[in-house]
Amino acid sequence: MRLTDFPLKTFKEVPAEAEVISHQLMLRAGLIRRLASGLYTWLPLGLRVLHKVEAIIREEMDRAGALELLMPMVQPAELWRESGRWKEYGPELLRLNDRHQREFCLGPTHEEVITDIARSELRSYRQLPVIYYQIQTKFRDEIRPRFGVMRAREFTMKDAYSFHLDEASLLEGYEKMRVAYERIFTRLQLEFRIVQADPGAIGGNRSEEFHVLAESGEDAIAYCEADGYAANVDTVAIPAVGGPRGEAKTDLELVQTPAVRTIDALSAFLNVEPADCLKTLVVQGTDAPAVALLLCGHHELNRIKAEALESVARPLRMLRATEVQAATGYEPGFLGPKELEIPIVADRAAAVLSDFVCGANQTDYHFRGVNWGRDLPVPATADLRNAVAGDPSPAGGGLLAVKRGIEVGHIFQLGTRYSDAMEATVLNKDGKACAMQMGCYGIGVTRIVAAAIEQNNDDHGIVWPEAIAPFDVVLVPINMDKSYRVKEAADSLYQELQDAGFDVLLDDRPHRPGVKFADADLIGIPHRLVIVEKAWDEGKIEYKARRATDAEMIPVETVTKFLAETRQC
RNA sequence: CGGGGCAUGGCGCAGUCUGGUAGCGCAUCUGCUUUGGGAGCAGAGGGUCGGCGGUUCGAAUCCGUCUGCCCCGACCA
């Protein structure tokens, strides 16, 4: 592509609407433009990236034996009524009527449609297993679209659905998709982790998420390098801490802590670690009006785990200050378990603290040097918190580390949730109708583009992984309009590289070098070749990788070979 | 949906408090100069100041109302 034929419009300044780096860079580099909240146009440059991502996904899905089809985005309400989701799905499902007042929705996902296809196309166990997939636009009327295409309302998704006679076959299909997903994200050159997911929501058995690691990720991922375990921090079952609690070394002491109501303030005021403070949270109970949950100061309450307690009301609700006062007689901020007259459950870690600090149930006072057993009864314990870095891995191989991740893929075993509801059956060997076992496998295609940028950028702009860069190489002729030789060199090299199979961008604009370099960096082309008259006359050309800090001179006649060898995909 | 903020040329902003007929930087166009990291000079085009209503001799500015967008919380690829 010659840049003179390509209306590339880049911005130096950061658009005010963009919060995260990928969104800023996609706007600045001219990849996307916003049409309305959560709706984006993919400009030619961005679309090239999107297509590269799609191509890799297609190749790997095909390799895994999946069959591509394409389902409508507009779907009739009847199907959704059959599955029960017309009611279950909230306002995120955009519903609309046609001219005859028939009800439809914009597909946020395609389980209903694919199940409908499967029940009419698949009648015999001999046809199974089958994996269908599509790359389609989805629409979810998100409450709060944000971060550009990272969480848009309209987005591209690759969704696949597998159909099986029995669970054993489902497991095989699931495993096959899992392998395909690993290949896909590896080929996309992204750093990712496979994470145990909470299977609760959709039901079914096993479910795993694929996360691209990035600072701005919305999920916190706990993982263990040693044993390969990885899970969302809020789904980690934290192993019980071994060993007895520490011995008491200090005496119980009442200290005045005026207006110190938070763990941060307390730890600063008394100069102790948050980990040595005890946090007392009061939530609504099932029988009692209030239940106290105790955590170490640096830990976070896990909603799901707390709700699992019989004594805690679902959904979990923290009591307001006035309610706490009414239930306990004390002021929040100075609560502690000693002589607290409501049911108490302590997180396991909190129950093995020694010489800790906690509220004294007296305004402006805390205790220090508190010890279970000696100063107050040992509480009931449970696993109540989110995992943090340094916790032991549930798989037993070592300690957990925590990083943030962007969910780009999700695979799960649906079982017969949809096939039962929609009567998608096949005849088995005995001529008996059986509901098909289903699996479902999604990849957020447009989100991958944003995630790739989150993971690969620097002060100058995007640094594309080679596998998905819009162009492989950018040619930057200097003073092309002045020097006929430079122009000739650029044209011939442009042709040569294209013939060799590279996607080449020729910056033949009559701009100053600085402008060209800045744009080349911003749009993140992995390889840059600079043509200057003097060096060219000596048979040399300048090469610089986008990731490299320095350029190098290479002989002109070896350029194609050099690039072919340097290329990483 | 609850809480906070913003809306002025394609982009980033000032002007609003204290009403007087709109300005700066970037981008765009023309010309000359310049040519290895977002050039300089000279000139030009482009804005019903988000919409509607009100107050006023006069409204970007004050009042009311509606809309759109962004940020923080519960969902998800």
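The surface near RNA strand B consists of 16 nonpolar, seven polar and 21 charged residues; here a residue is near a strand if one of its heavy atoms lies within 4 Å of it. In this division Ala, Val, Leu, Ile, Met, Phe, Trp, Tyr, Cys and Pro count as nonpolar, Asp, Glu, Lys and Arg as charged, and the others, Gly among them, as polar. The structure is a predicted model, in which local features need pLDDT of at least 70 and side-chain atom pairs count only at pLDDT 80 or more, while totals for chains, interfaces and linings use all residues. Residues are numbered from 1 along each chain as its sequence is written, chains are lettered from A and ligands numbered from 1 in the order in which they are written, and side-chain values use heavy atoms, with hydrogens and water left out.

RNA strand B is surrounded by 44 residues, of which K12, R140, R144, D521 and E542 are the closest. Sugar or phosphate accounts for 41% of the RNA strand B atoms within 4 Å of the protein, and bases account for the rest. Among the pairs of N or O atoms within 3.5 Å, termed polar contacts, one places an N or O atom in the side chain of D521 at 2.3 Å from a base nitrogen of RNA strand B. Sugar or linking oxygens of RNA strand B lie 3.3 Å from a polar backbone atom of V408 and 3.5 Å from a polar side-chain atom of E92.

Chain A contains 16 helices and 30 strands, taken as DSSP runs numbered from the N terminus (helices H or I, at least four residues; strands E, at least two). At least two residues of the surface near RNA strand B come from each of β8 (154–164), β20 (401–415), α14 (513–523) and β28 (527–531). The largest share, eight residues, is supplied by α14.

The C-alpha atoms of chain A fill a box of roughly 90 × 70 × 50 Å along the principal axes. Of its 569 residues, 53% count as buried, that is, under 20% relative accessible area with a 1.4 Å probe and protein chains only.

No disulfide, defined as a pair of cysteine sulfur atoms within 2.5 Å, is found in a search of the whole structure. For C358, the nearest cysteine sulfur is that of C277, 9.4 Å away; C358 is buried, with a relative accessible area of 0%. For C440, the nearest cysteine sulfur belongs to C105 and is 16 Å away. C440 also counts as buried, at 8% relative accessibility.

How values were computed:
A polar contact is a pair of N or O atoms within 3.5 Å; within protein, one must be able to donate a hydrogen and the other to accept it, and residues adjacent in sequence count only if both atoms are side-chain atoms. Buried means under 20% relative accessible area, exposed over 50%, partly exposed in between (1.4 Å probe, protein chains only).
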